[in-house]
Amino acid sequence: GRSLAAIWQGAALGLETGRATVAWRGADAQRHFEFRLERGRASVGGGVGLRLRADGSYREQPFSVDLNADGLRELKDDAQPWHLRASGTLAGAAVNLEGSLRAVFKGTGVDLQAEVAGARLDGLDGLLGTHLPALGPYRMAGRFTDRPRGFHVDGLEVNLGQSDASGELTWQAGQPPRLVARLTSHRLRLADLVERALPPVAPAQ
């Protein structure tokens, strides 16, 4: 017969929840994330890995997510990549992710193809805690990999209104932070972007 360990490895577990709060704090106490769930459903095991469907809010911005990923064994093994594919919405933007993470709980080993698209940039203000111009529609896509104290985006594609740009960029934390970008554009309506981004100038007295 099969051993208990073999039966456990092949078993499928399910979890369903209503309203709940999920909080996570990094080991350095600098990173803190808190999500509010309205409803969620997850299953793991049975040879199909992790499946998750959830709706809730983050920083008072609504989100929904569908996640398919490797199982818990790969999740806790920092030497193995944890593969995932996710799609959903956040603060009115459509988000798609596909790739892998290593050392998930340390937030390192990121290798993700990402795409974010929405109607207007200022729809992200509540999420980012900033004031973005009322420009749109927008789309940003590229391959994100982490770097020491920063990240790199390769194969970057940006569409904003009728303008576009492509290339790569690297961001590194510091005093001051450093951003290096190499971009090309087939169409850039600079005058239109500046006019829409800046508030109207009051007439001279």
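First, some words on the source. This is a predicted model, in which local features need pLDDT of at least 70 and side-chain atom pairs count only at pLDDT 80 or more, while totals for chains, interfaces and linings use all residues. Residues are numbered from 1 along each chain as its sequence is written, and side-chain values use heavy atoms, with hydrogens and water left out.

Let us turn to the chain as a whole. The protein chain contains four helices and 12 strands; these are DSSP runs, with helices (H or I) of at least four residues and strands (E) of at least two, numbered from the N terminus. The chain has 205 residues, and 24% of them count as buried. Buried means under 20% relative accessible area, exposed means over 50%, and partly exposed lies in between, with a 1.4 Å probe and protein chains only. The accessible surface of the protein chain is about 13900 Å², and carbon and sulfur atoms account for 56% of that surface. Such areas come from the Shrake-Rupley method with a 1.4 Å probe; for residues, only the protein chains shown count as cover.

We come now to the salt bridges. Side chains of opposite charge can pair when their charged atoms come close. How many salt bridges does the structure hold? There are eight, where a salt bridge is a side-chain nitrogen of Lys or Arg within 4 Å of a carboxyl oxygen of Asp or Glu.

One of them pairs aspartate 66 with arginine 53, with 3.5 Å between the closest N and O atoms. Because aspartate 66 lies in strand S5 (residues 61-69) and arginine 53 in strand S4 (residues 50-58), the pair ties together parts that are 13 residues apart in sequence. Aspartate 66 is partly exposed, at 37% relative accessible area, and arginine 53 is partly exposed, at 36%.

Next, consider arginine 139, whose side chain meets that of glutamate 115 in a salt bridge at 2.7 Å, N to O. Arginine 139 belongs to strand S9 (residues 138-147) and glutamate 115 to strand S8 (residues 110-118), so this pair ties together parts 24 residues apart in sequence.

Arginine 139 also forms a salt bridge with glutamate 157, at 3.1 Å from N to O. Glutamate 157 lies in strand S10 (residues 150-160), 18 residues apart from arginine 139.

Finally, salt bridges that share partners join Arg39, Arg53, Asp55 and Asp66 into one network.
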